Amino acid sequence: MRIVAGSARGRKLIAPAGEVTRPTADFVKENMFNIIQFDIEGRDVLDLYCGSGQLGLEALSRGAAKAVLVDMSAAAAEAARKNAETLGFTPRCRVVTAEVLKFLEGRRDKTDLVFLDPPYQTPLADKTLRKLAAFDILRPGGIIVCECAREDEPDPLQPPYRQGKRYNYGSRSVILYTRGLEG
């Protein structure tokens, strides 16, 4: 697991100790970031179910302004903290140990880009998408990048949110959601 591009390109990341994690493969991550490459610079990022923090940290490496990394696992949050520190991103990165749905209920500030990578074979992708839309957490023009099992099919979101393209990579899918400029 490593940073693919940007200021920290090639730097290795540690995984959470003693945890069974499913890190995003470098190939999938590289394609994911190629899709959103012009929507990262200067943006605020929220990385939910962050594990090692690799998606939020990749965004920081590529010029995101700041990132909040959230995971309920203390081991995952500690790995994300250590990775942010090793990369020198601590001033622009906050790591939160919390259950994601509860964290979203208490969040009032808006963000530009959300990475959503919950455990597979759970209803968490759909539940989290509903919370993000219900709390209208994205700024107009914002993007949610949802990584899920290929067989997962989250329900459509209500306007101003809309589902964009779905990209399949073996057993994984990456689905883009955007928040319209209206509303």
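User: What makes the charged end of R108 count as sitting over the ring of F135?

Analyst: The charged end of R108 is 6.0 Å from the ring centre of F135. A charge sits over a ring if NZ of Lys or CZ of Arg is within 6 Å of the ring centre and within 35 degrees of the ring normal. R108 therefore sits over F135. This is a predicted model: local features need pLDDT of at least 70, side-chain atom pairs need 80 or more, and totals for chains, interfaces and linings use all residues. Residues are numbered from 1 along each chain as its sequence is written, and side-chain values use heavy atoms, without hydrogens or water.

User: How many aromatic pairs are there?

Analyst: Two. Rings of Phe, Tyr and Trp (its six-membered ring) pair if their centres lie within 6.5 Å; planes under 30 degrees apart are stacked, over 60 edge-to-face, the rest tilted.

User: Why is the pair of F27 and Y169 called edge-to-face?

Analyst: Their centres are 5.8 Å apart and their planes stand at 85°, so the pair is edge-to-face. F27 lies in helix α1 (residues 26-35) and Y169 in strand β6 (residues 161-169), so the pair ties together parts 142 residues apart in sequence. Helices (H or I, at least four residues) and strands (E, at least two) are DSSP runs, numbered from the N terminus.

User: Is F27 buried or exposed?

Analyst: Exposed, because its relative accessibility is 55%. Buried means under 20% relative accessible area, exposed over 50%, partly exposed in between (1.4 Å probe, protein chains only). Y169, at 16%, is therefore buried.

User: What makes the pair of F33 and F115 tilted?

Analyst: The planes are 35° apart, with 5.3 Å centre to centre. F33 is at 0% relative accessibility, so F33 is buried.
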